[in-house]
Amino acid sequence: MDYISKNDLVSILDANTPEILSLMSETNSLRANNIITYSKNVFLPITDICRNECGYCTFRKDPYSDEAKILMKPDEVMNVIKKGDSFNCKEALFTFGEHPDETDIVMSALNGLGFENILEYLYFLCNETLDNTRLLPHSNPGILKKNELKLLREVNASMGLMLETSSSRIMQTIAHEKSPGKKPELRMDTIKNAGKLKIPFTTGLLIGIGESNLERIESLLELRKIQDKYGHIQEIIIQNFKSKPGIPMEGYREPSIVEMIKMVSITKLMFPDVSVQVPPNLNINHSQIFLMAGSDDWGGISPLTPDYVNPEAPWPEIEELKIITKELGFKLQERLPIYPKFITEEFLDQRILEKIK
């Protein structure tokens with residue numbers, strides 16, 4: 001990306017219609033093939049307790065409210081995963097609020113099961129998944145230290161953490177002012193440490209939480225620097241902010257389709273070596289145009305569990321994805337939670353490599 005300056009990249013986001021169409025044509029020329037991928041998964045929200053209180057989130061619950069899911073029990077988790085196995089799912093997506101064991105109520109539940117912290121419990125669940133099902137774990141546990149990532153690498157095919165934005169200014173806004181775990185430097189440290197440990201990684205940006213075009217470009221440039229150094233980023237998600245009833249940002253404007261087209265195209269332009277995803281359940285009526293703009297993956301699609309982060313937006317049926325993919329001349333193809341080029345001894349624990357092969 002040395003040949004395109006930051007100012008030139010910003011000008012692309014400010015471009016008018018003819019320039020956008022030219023950009024879409026250029027990004028499509030970067031495709032290695034006509035394959036659009038997806039991962040068939042089960043979504044496992046181990047707990048919805050979180051130390052962050054983001055202005056756009058409906059996943060986090062007050063730990064002392066009646067609606068809080070304090071902790072999924074082992075048999076509850078494994079029942080879902082084994083059912084997913086019967087549906088031929090390949091990915092067990094483990095997620096939970098960041099550092100939930102900082103609360104007494106979650107720690108008490110963990111201790112009652114014989115675990116000292118949430119990561120020890122996550123390791124156990126991933127290990128059980130590997131031992132007893134055909135699914136491969138993919139975990140999104142929030143910001144982690146290097147030794148914590150190293151531990152989880154043993155039982156995960158891949159991991160993920162959304163950068164969301166590299167702008168520290170957003171920490172002073174309604175989006176992140178109550179979210180200590182959204183400090184950009186903490187999130188970038190986690191992504192960098194995953195690179196040092198050769199963990200295949202998914203990250204991405206959240207578009208429309210108050211960031212400027214310049215800040216969007218700076219966020220992508222930060223990820224590009226990390227990728228150039230470590231080469232472990234397998235997928236970048238460009239996710240649009242969605243207004244939901246009851247959230248602090250309920251009245252905030254959602255990013256337009258044009259904004260999203262520009263972001264998808266420029267991301268593919270900057271990351272020809274990385275897959276680009278736009279969540280289809282958040283954009284089902286416009287999803288085809290994002291394929292035209294350069295996206296090449298639908299992400300995780302579950303035939304069994306909802307998107308607990310966006311429960312109002314059901315997953316599209318796989319047959320529906322096949323139709324709208326084929327209409328554009330592309331072919332839908334299922335993938336594992338780890339992309340093929342990372343299925344090597346360099347990027348995978350031997351146990352997981354043997355399970356895949």
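This is a predicted model: local features need pLDDT of at least 70, side-chain atom pairs count only at pLDDT 80 or more; totals for chains, interfaces and linings use all residues.
User: Which aromatic cluster do Phe115 and Phe124 belong to?
Analyst: Phe124 also pairs with Tyr121, this time stacked, at 6.5 Å centre to centre and 15° between the planes. Those two sit three residues apart in helix H5, about one turn of the helix. Residues three or four places apart on an α-helix point the same way, because there are 3.6 residues a turn. Put together, the cluster is Phe115, Tyr121 and Phe124.

User: How far apart are the end C-alpha atoms of helix H5?
Analyst: H5 covers residues 118–132, which is 15 residues. At 1.5 Å a residue the helix should span 21 Å, and the model agrees: the end C-alpha atoms are 21 Å apart.

User: Which residue caps the N-terminal end of H5?
Analyst: Look for a side-chain oxygen by the backbone nitrogen of Leu119. One lies 3.2 Å away, and it belongs to Asn117.

User: What volume does the largest pocket have?
Analyst: Its lining counts 23 residues, with Asn33, Thr37, Ser275, Asp296 and Tyr339 closest to the centre. Strands E1 and E9 each give two or more residues to that lining. The space inside is about 510 Å³.

Notes:
Residues are numbered from 1 along each chain as its sequence is written. Side-chain values use heavy atoms; hydrogens and water are left out. On a 1 Å grid over the protein atoms alone, a cavity is a set of points where a 1.4 Å probe fits but cannot get out, and a pocket is an open set with protein on both sides within 12 Å along at least five of seven lines; lining residues have an atom within 4 Å of a point. Grid points are joined across faces, edges and corners, and a volume is the space filled by probe spheres set on the points. Helices (H or I, at least four residues) and strands (E, at least two) are DSSP runs, numbered from the N terminus. The expected span of a helix is 1.5 Å times one less than its number of residues. A polar contact is a pair of N or O atoms within 3.5 Å; within protein, one must be able to donate a hydrogen and the other to accept it, and residues adjacent in sequence count only if both atoms are side-chain atoms. Rings of Phe, Tyr and Trp (its six-membered ring) pair if their centres lie within 6.5 Å; planes under 30 degrees apart count as stacked, over 60 as edge-to-face and the rest as tilted.
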